[in-house]
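This briefing goes with the sequence and structure shown below. Please keep both in view while reading the points that follow.

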Amino acid sequence: MPYNDYTSVGFLDKEGRKLSDFTGGNFIKGVKLGSEKAYLIDSKGLWVVDPHTGSKDFINVSDYGVFGSTFDCFIDPLGKTGVFWALNNLIAIDIESGKAIYECETDGNIGKAVISPDGKYIYVSEGDKNLYILDTGSGERREIEDDAYRVVAGNYEKTCIDISPKGKYVALCCKDGYLRILDTETLKTHDKVPFKSYLKSNIAFTDDESHIVMQGDDYRIRIWDIDNGVFANTINAEGSLGFIICDEDSNLMAACLTNSLYLYETEGYGCVAYADKGQAYLKGNDSILINDDRKNIKRTYYKDYRKLMEEAKKQFPGATLDDEKRVKYNIN
C-alpha cells in the first residue's frame, strides 16, 4: 500500500495485520509483488523488500554508469532478473546478486523491453524498427523478419508489450492496428488480434498463458482465448486497466482498473462481479480491497450463488423456492 508521500509503503497480511513499513524511497512510481519479495521502483533504482521482516536491498541504476534520473524497467515474472533502459542504453541485472548480466547501446531510443523468466532473452521495441531479441548469453541480436512487428510510437508510456509468465509468448501492440502474439520458440506469429492502441494500451497474460487481457483506445476490456483464437469476453469499462490477478484455486481472475475492479470466472471468462473503488483482489479468501482515500482500506468478499444459497439456508431455515423462481434463477 503506497503512502501519500510517495517515499514509503506499508505491507499488510491478508487479514489486514501490519507486517512492516518501508521508508527511504525517492518518489516510488511502481510496486510489484512477488511470491516472497516486493519490488519497488523509484526515481533512482529498484528496492527489493521482504514484507515480513522489512529487510531491504537497493539497486542504484547510476552505479552502472549508463543512466540518469529518468529510466524505465521491467522485472521478469519470477522476480529474478530486471531489465533497465533509458534512451539508447539498456542493462539486465541479476536481482539477487546485483550483478549486470548484459548491457548494450542501441541505435535509436528504446520504447519498451521485457525479459524472459530465465533471463536469457530480452525483447525490445525501438523507434521504427522491428521487434528484436537480445541473447544475454551470446550478445547476439535477432530481428523479427515480419515488418508488422512495429509498435505505435505514440504509446511508449503504455504497456504495449508483455511476455507470458513462462515465456511461451510475447505480445506486441502493432502500428497496423493489431495485437500480435509471437511464439518465442519458433519466432512465428501464433495469432493476431484486431486492436487499436495508438492512445492507450495495456495488455497482460493470465498465469496459465491461455488468455490475454487487453484494453485499447476504446477503453473496452477484451479477453482473448489464445488456444481457440476467439474473444472469450469483451465489456465496456470505466478507467484504465492497471493489472490483473489470477487465482487458480478459486478459478477467478480480477482486472484491476484505476478505481474499480472486475471479477471474472475462468471457466468461460464471464464477468461475475464489479467493485466500485476496488483496488485489488486477494487470493486464498476471495476478497476484494476497497479504498478511495489512500488511507482506509475496506474488504468485501465475492460469493457465488452456491455460497449465497448456503447462507440463505442458515438465515432462513426451511425456506424454499417454487418452480417458477427456480426456472427464473436457473437453479436446479
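The model is predicted. The protein is built from two helices and 29 strands. Its radius of gyration is 22 Å, which agrees with the value near 20 Å that a compact globule of 332 residues would have.

**Overall dimensions and surface**

- Along the principal axes, the C-alpha atoms of the protein fill a box of roughly 75 × 45 × 30 Å.
- The protein has an accessible surface of about 17400 Å², and carbon and sulfur atoms account for 47% of that surface.
- Of the 332 residues in the protein, 46% are buried.
- When contacts between residues at least 6 apart in sequence are taken, 33% of them join residues at least 24 apart.

**The largest nonpolar core**

- In soluble globular proteins, nonpolar side chains tend to be buried together.
- The largest nonpolar core in the protein has 42 residues, and the members that touch the most other members are Leu90, Ile122, Leu131, Leu179 and Ile212.
- Strand β16 (residues 169-173) supplies the largest share of this core, with five residues.
- Beyond its neighbours within four places in sequence, Ile122 is in contact with residues that include Val83, Leu90, Ala92 and Tyr102.
- Further contacts of Ile122, with the sequence neighbours within four places again left aside, include Ala113, Val114 and Ile115, as well as Tyr132, Ile133, Leu134 and Thr136.

**Tyr121 in strand β12**

- Tyr121 belongs to strand β12, which covers residues 121-126.
- Tyr121 counts as partly exposed because its relative accessibility is 34%.
- Apart from neighbours within four places in sequence, the contacts of Tyr121 are Val114, Ile115, Ser116, Ile133, Leu134, Asp135 and Thr136.
- Gly139 is 18 residues from Tyr121 in sequence, and their C-alpha atoms are 9.7 Å apart in space.

**Ser287 in strand β28**

- Ser287 is part of strand β28 (residues 287-290).
- With a relative accessible area of 0%, Ser287 is buried, the limit for that class being under 20%.
- Ser287 is in contact with Ala280, Tyr281 and Leu282, and also with Arg299, Thr300 and Tyr301, if its neighbours within four places in sequence are left aside.
- Ser287 and Tyr301 are 14 residues apart along the chain, while 4.3 Å separates their C-alpha atoms.

**Loop residues**

- Phe27 sits in the loop between β2 (18-22) and β3 (30-33).
- Phe27 is not a glycine, yet its phi is positive, at about 55°.
- Asn251 is found in the loop between β23 (241-247) and β24 (252-257).
- Asn251 likewise has a positive phi of about 55° although it is not a glycine.
- The relative accessibility of Asn251 is 33%, so this residue counts as partly exposed.
- Thr53 is placed in the loop between β5 (45-49) and β6 (56-60).
- Thr53 counts as exposed, with 58% relative accessibility, where the class begins at values over 50%.
- Thr53 and Cys73 are 20 residues apart along the chain, and their C-alpha atoms are separated by 25 Å.

Methods
Residues numbered from 1 in each chain as written. Predicted model: local features only at pLDDT ≥ 70, side-chain atom pairs only at ≥ 80, totals over all residues. Heavy atoms only, no water. Helix = DSSP H or I, 4+ residues; strand = E, 2+ residues; numbered from the N terminus. Rg over C-alpha atoms; globule rule 2.2 N^0.38 Å. Buried < 20%, exposed > 50% of the residue type's maximum accessible area, 1.4 Å probe, protein only. Contact = heavy atoms within 4.5 Å. Areas by Shrake-Rupley, 256 points an atom, 1.4 Å probe, with all protein chains shown as cover. Core = buried A, V, L, I, M, F, W, Y, C linked by side-chain atoms within 4.5 Å.
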